[in-house]
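Please read the following note alongside the sequence and the model.

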Amino acid sequence: LTFEDMVEDLKREVLKIAQFLDIECSDEKIESVVSSSMFDSMSKNPKVNYSWRDGAVKDPNSKFIRKGKVGSWQDELTKEQSEQVDQLTKDLLEIPFGIKIRDT
């Protein structure tokens, strides 16, 4: 499950999660989960944005939920920073079964 997969088709991914957990859900419940998991809904939820936790964010204008756009990290990181993240990911994370990490 990736952010990119969820942006591509959130309902499909919610159904996959329910299947993986062996949970039977009504269509209404699935729609409720999808609706509450949409970017607009989550970005307005203070529990998701960590605004409920005093001192958790040094910059009060910073949000945990930023843009909800795939690849927007490219607007935030320099090429050198991106290369550092790629190298750290390669060095520190064990990606099983040849799984490819999507960034677009």
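Is Lys16 buried, exposed or partly exposed? Lys16 is partly exposed, at a relative accessible area of 44%; buried means under 20% relative accessible area, exposed over 50%, and partly exposed in between (1.4 Å probe, protein chains only).

1. The model is predicted: local features need pLDDT of at least 70, side-chain atom pairs count only at pLDDT 80 or more, and totals for chains, interfaces and linings use all residues. Residues are numbered from 1 along each chain as its sequence is written, and side-chain values use heavy atoms, with hydrogens and water left out.

2. A salt bridge is a side-chain nitrogen of Lys or Arg within 4 Å of a carboxyl oxygen of Asp or Glu. Under this rule there are five salt bridges.

3. Glu13 pairs with Lys16 in a salt bridge, with 3.4 Å between the closest N and O atoms. These two residues belong to helix α2 (residues 10-20) and stand three residues apart, about one turn of the helix; helices are DSSP runs (H or I, at least four residues), numbered from the N terminus.

4. Glu13 also forms a salt bridge with Arg12, at 2.7 Å between the closest N and O atoms. Glu13 is buried at 3%, whereas Arg12 is partly exposed at 28%.

5. In helix α6 (residues 79-92), Glu83 and Lys79 are four residues apart, about one turn of the helix. Their side chains form a salt bridge (3.8 Å, N to O). Lys79 is exposed, at 61% relative accessibility, and Glu83 is partly exposed, at 44%.

6. Through shared partners, salt bridges link Glu8, Arg12, Glu13 and Lys16 into one network.
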